[in-house]
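Here is a brief report on one protein chain.

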Amino acid sequence: MAVEFAKPVIHGLQEKGISKIGAAGLCWGAKVVVELAKDADIQVAALLHPTFVTLDDIKGVKVPVVILGAEFDKISPPELVKQFEAALQAKPEVDHFVKMFPGVSHGWTVRYRDEDVTAVKSAQEAHQDLVDWFGKCLQTAHSAL
């Protein structure tokens with residue numbers, strides 16, 4: 001699994017003195033990020049239109065996590081994302097933010113037509129949510145994407 005490739009990179013950054021590391025996973029990359037969040041190898045996690053992520057995965061998360069989902073997603077349907085949110089609400093020690101984006105489908109944050117104003121706006125909003133989440137949780141200055 002890709003987690004085994006990510007861990008040496010994270011540990012290398014830590015050896016260089018970087019103490020706060022965040023990771024964002026889109027689609028199947030969300031599974032990698034959730035595994036890192038369960039082991040607390042990172043300090044903040046972001047899952048965008050997650051694939052292969054289970055309710056048990058979310059229950060195991062130990063670090064702040066944002067989950068951005070799509071209204072029309074057969075892979076991570078809104079019902080599943082709501083279960084993720086309920087599991088996180090049951091863990092007050094884990095800061096979280098869950099948001100569903102109306103009118104979009106799986107992959108909307110990176111797969112959209114530039115001519116589609118609504119799609120571009122939704123992707124930009126998700127990107128800003130991601131930047132804001134990392135800024136909040138890592139307490140660093142950031143600029144808009």
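Aspartate 41 is buried, and lysine 7 is buried too. The model is predicted. These two residues form a salt bridge, with the closest N and O atoms 3.4 Å apart. The pair links distant parts of the chain: aspartate 41 sits in the loop between helix 2 and strand 2, lysine 7 in helix 1, 34 residues apart.

**Salt bridges**

The count of salt bridges comes to ten. Three of them are listed here.

| Pair | N to O distance |
|---|---|
| Aspartate 41 and lysine 7 | 3.4 Å |
| Lysine 99 and glutamate 125 | 2.6 Å |
| Glutamate 115 and arginine 113 | 3.6 Å |

Lysine 99 and glutamate 125 meet through their side chains. Lysine 99 belongs to strand 4 and glutamate 125 to helix 5, so this bridge ties together parts 26 residues apart in sequence. Glutamate 125 is partly exposed, at a relative accessible area of 34%. The side chains of glutamate 115 and arginine 113 also meet in a salt bridge, and both residues are exposed. Elsewhere, salt bridges with shared partners join Lys31, Glu35, Lys38 and Asp57 into one network.

**The sheet and its helices**

Five bridges join strand 1 to strand 2 (residues 44–48). Leucine 26 stands opposite leucine 48 of strand 2.

**Two loops with positive phi**

Cysteine 27 lies in the loop between strand 1 and helix 2. Its phi is near 60°, a positive value in a residue other than glycine. Cysteine 27 is partly exposed, with a relative accessible area of 22%.

Histidine 49 lies in the loop between strand 2 and helix 3 (55–59). Histidine 49 has a positive phi of about 35°, although it is not a glycine. Is histidine 49 buried or exposed? At 2% relative accessibility, histidine 49 counts as buried.

**Buried helix residues**

Valine 32 sits in helix 2 and is buried, with a relative accessible area of 12%. Leaving aside neighbours within four places in sequence, valine 32 is in contact with Ala2, Val3 and Ala6. Between valine 32 and methionine 100 there are 68 residues of sequence separation and 21 Å of space, C-alpha to C-alpha.

Serine 122 lies in helix 5 (residues 117–138). With 9% relative accessibility, serine 122 counts as buried. Which residues does serine 122 contact, leaving aside its neighbours within four places in sequence? They are Phe101, Val104 and Trp108.

Valine 9 lies in helix 1 (residues 3–15). Valine 9 has a relative accessible area of 53%, and because the cut-off for exposed is over 50%, valine 9 is exposed.

Conventions: Residues are numbered from 1 along each chain as its sequence is written. This is a predicted model: local features need pLDDT of at least 70, side-chain atom pairs count only at pLDDT 80 or more; totals for chains, interfaces and linings use all residues. Side-chain values use heavy atoms; hydrogens and water are left out. Helices (H or I, at least four residues) and strands (E, at least two) are DSSP runs, numbered from the N terminus. Buried means under 20% relative accessible area, exposed over 50%, partly exposed in between (1.4 Å probe, protein chains only). Two strands pair if DSSP finds at least two bridges between them. Contact means heavy atoms within 4.5 Å. A salt bridge is a side-chain nitrogen of Lys or Arg within 4 Å of a carboxyl oxygen of Asp or Glu.
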